[in-house]
Amino acid sequence: MQLVDELLAGNRRALARTISIVEDGGPAAPPLLAALYPHTGRGHVIGITGAPGTGKSTLVNALARSYRQQGRTVGIIAVDPTSPFSGGALLGDRVRMRDLAGDPGIFIRSMATRGNLGGLARATADVISVLDAAGFERILVETVGVGQAEVDIASAAHTTVVVEAPGLGDEVQAIKAGVLEIADLFAVNKADREGADHTVMALQMMQGLAPVPAGHHGTTGGTGRSHHAEAGAQPDGGWLPPITKTVAMRGEGVEMLRDWIELHAVHLRETDGLARREVARAATELDQILRDQLITALLTRLPPGHLDATLAAIARREIDPYTAGAQLLAQFS
Amino acid sequence: MTDRKIRVLVAKPGLDGHDRGAKVVARALRDAGMEVIYTGIRQTPEMIVEAALQEDVDVVGISILSGAHMALCPRVLELLNAQDMGDVVVLVGGIIPDEDVAPLKALGVKGVFGPGTSTQDIIEFIRQSVAVPVAG
Ligand SMILES: Nc1nc2c(ncn2[C@@H]2O[C@H](COP(=O)(O)OP(=O)(O)OP(=O)(O)O)[C@@H](O)[C@H]2O)c(=O)[nH]1
Ligand SMILES: [Mg+2]
């Protein structure tokens, strides 16, 4: 395939085109991805997630510069939400990444969430594969931490960095439930602002490393680890997410964050973590692909108008959706 | 099922730091169902074309208030052509004197939109200029 050959030869326009085809998800996508797949598996994928405005894009910019200083190439995917009203999107993360302009070792792509959440996870995983095949050694994926989508996208990352910032209100309340499960690393950004130490403490409390002050009983789930545990790789083969203070705007703390990411990559390789993540990633992707393909296959077998008639019948309560689903699936037998 | 959207890069080159107009247009295009990549102020032609390439956009919209359009636009078009991206629709908005419109169009700028233009006109123009099947 010409496009694939050009992409593998380092043609950036071919890369951009391939990403569009893969993102749009039409019939041209699977053969491209199939041809690229043998070239994937080399890049380390880093998810950067957190609440709006915590400084994710600024941090991605700083991290990418730091990796470039080490001579590593960096692919960046910046995901922003699609407007549910218009289907359009305003993708503004590049504004914070202007330092990276003109560097052939960098490739930045903005992505809108578009349709359903599962579709987003599929599209993101596929675009990651394309950048991976193109040879980018580190792939940074920025997502706005607002819900299930992040958890799904995190399953496509090897290392997930959750970005917090001081001043989001009561820290313990502001740090969302669920981040503990997906975070491999925490960055407390805007550490130049008052309250950063409070945010660090709140995170340590959630990790069970700091005593919970009066008034916050029951708001955190301690991990039962000793108060003296050191962050990072644990003697029992586990990993305690390190907390790094950063000032992304000035690049402070960013080398430390980068080094933690690299240590996490080493930890994954030395334990069965990498293999487990790759399997989890494959499961998410295959699940979505099977759903898409089964539905498409089913729809092409149905007589025209059949689906609409079934939907109308369900809406009129003439049939329940489970029975209707079973009847549709009978097309396969 | 393809999920194709019109993708537009909105850029603000030059040294004047005022991008209110560009942001109004960016929001209007989003509300019309397009995916708008906003790159911020002080973009050089090189930065604009690099972003257009990486983002694989259908349209590049350049907002210029500084009067530097006759210097910036030819450079953007030249760089686009050098990247084999001559099919990208280039639009210019801002304060453009009437006598400059014809020369800009001769260079390859598809549309020039002055301060009085309604965003609806820009939306219509883009929809007609971009020949892609678009869902949604
Ligand atoms: N004081 C301070 N401000 C920062 C720091 N990092 C980023 N900011 C500012 O915080 C604001 C938001 O930064 P972004 O990088 O756009 O944040 P984001 O999380 O990517 O935002 P969304 O993508 O909109 O969710 C900007 O005005 C940045 O300049 C920091 O370390 N300290
Ligand atoms: Mg951002």
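## Size of the interface

Buried area is the accessible area (1.4 Å probe) that two parts lose on being put together, summed over both. In this predicted model, chain B and chain A bury about 2,700 Å² between them, and carbon and sulfur atoms give 46% of that area. Glu35(B), Gln54(B) and Asp56(B) supply 23% of what chain B buries against chain A, more than any other three residues.

Counted by contact (heavy atoms within 4.5 Å), 33 residues of chain A meet 32 residues of chain B.

Let's turn to the pairs. The interface holds 6 salt bridges, each a side-chain nitrogen of Lys or Arg within 4 Å of a carboxyl oxygen of Asp or Glu. One of them joins Glu55(B) to Arg109(A), with the closest N and O atoms 3.9 Å apart.

## A strand pairing across the chains

Here is a feature to look for in the structure. Strand β3 of chain A (residues 89–91) runs parallel to β2(B), and 3 bridges join them; strands are DSSP runs of E, at least two residues long, numbered from the N terminus, and two strands pair if DSSP finds at least two bridges between them. Within this pairing, Leu91(A) stands opposite Ile37(B).

## How to read the values

Local features need pLDDT of at least 70 and side-chain atom pairs pLDDT 80 or more, while totals for chains, interfaces and linings use all residues; side-chain values use heavy atoms, without hydrogens and water. Residues are numbered from 1 along each chain as its sequence is written, with chains lettered from A and ligands numbered from 1 in the order in which they are written.

Notes. Helix = DSSP H or I, 4+ residues; strand = E, 2+ residues; numbered from the N terminus.
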